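Start with the structure below.

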Amino acid sequence: AVSDMLFTTIRLGKTTGAELAGSLGRVIPIAATAKVGMDDLGAAMVLLTRAGLSTDEAVTSLRALMLSIASPTEQAQEAVEALKLELFNEESLAQEGGLFKILEELTEKGEGSIQTLSDVIPNIRALVGALAAGNQLGGLDAILGEFADKAGATETALAKMMDTMGFDLARIGIAWQVLQQNVGAGINTM
């Protein structure tokens with residue numbers, strides 16, 4: 001299931017396996033502690049990388065965003081209460097799709113005001129993630145649908161890699177044969 005999630009994240013987002021391998025370790029412990037599911041984590045990475053953040057920036061933003069939601073500052077808590085945000089809390093974050101419900105509520109009640117959003121999310125890295133994801137929420141249902149149907153993503157990716165590797169090996173084999181023929185022809189002319 002984890003492998004299928006990772007290959008789905010790669011396929012849908014703007015990232016690579018190597019980039020995810022080098023970055024995800026920085027956000028997984030926080031996501032696990034906040035009880036954010038792996039599919040939500042993958043879908044968030046898709047949203048953020050599609051919005052133009054590098055994989056590393058997306059992980060940094062996502063970490064800061066989850067921490068801002070799970071443990072808001074006193075100023076942020078006052079802003080949450082002033083906006084009457086019902087979902088901006090750790091319990092909502094832990095629900096399936098909770099991160100996205102929080103972002104939808106925040107985007108709606110914040111009315112796109114950067115000042116209002118920065119009052120709720122004072123950490124600039126978290127704010128960048130919230131703004132980037134908020135601008136991509138229109139495609140969220142399709143992304144979550146892909147994650148719901150992710151079973152078999154690993155096999156599909158491996159089959160593509162094997163096809164590519166088989167093609168490359170066939171090309172190398174043909175090149176080797178041509179080289180042997182050329183070397184043989186060169187030796188015969190001596």
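## Crossing of α1 and α4

Helix α1 passes helix α4 in a right-handed crossing. The model is predicted.

Two packed helices are described by the angle between their axes and the distance between the axes. For α1 (residues 2–12) and α4 (residues 38–50), the angle is about 15 degrees. The axes of α1 and α4 lie 9 Å apart. Angles under 35 degrees count as roughly parallel, so α1 is roughly parallel to α4.

## Residues in the contact

Which residues of α1 meet α4? On the α1 side they are V2, M5, T9 and L12. Their counterparts in α4 are M38, D39, G42, M45, V46 and R50.

By class, the residues of this α1–α4 contact divide into 6 nonpolar, 2 polar and 2 charged.

## The chain as a whole

The pair belongs to a chain with 12 helices and 0 strands. Read along the sequence, the pattern is α-α-α-α-α-α-α-α-α-α-α-α.

How much of the contact set links residues 24 or more positions apart? Such pairs account for 70% of the chain's contacts with a separation of 6 or more.

## Burial and surface

The chain has 190 residues, and 37% of them are buried.

Conventions. Residues are numbered from 1 along each chain as its sequence is written. This is a predicted model: local features need pLDDT of at least 70, side-chain atom pairs count only at pLDDT 80 or more; totals for chains, interfaces and linings use all residues. Side-chain values use heavy atoms; hydrogens and water are left out. Axes are lines fitted to C-alpha atoms, for helices over the stretch in contact, and angles run from 0 to 180 degrees between N-to-C directions. Helices (H or I, at least four residues) and strands (E, at least two) are DSSP runs, numbered from the N terminus. Angles under 35 degrees count as roughly parallel, over 145 as roughly antiparallel, 65 to 115 as roughly perpendicular and the rest as oblique. A crossing is left-handed if the near helix is turned anticlockwise from the far one by less than a right angle, and right-handed if clockwise. Contact means heavy atoms within 4.5 Å. Ala, Val, Leu, Ile, Met, Phe, Trp, Tyr, Cys and Pro count as nonpolar, Asp, Glu, Lys and Arg as charged, and the others, Gly among them, as polar. Buried means under 20% relative accessible area, exposed over 50%, partly exposed in between (1.4 Å probe, protein chains only).
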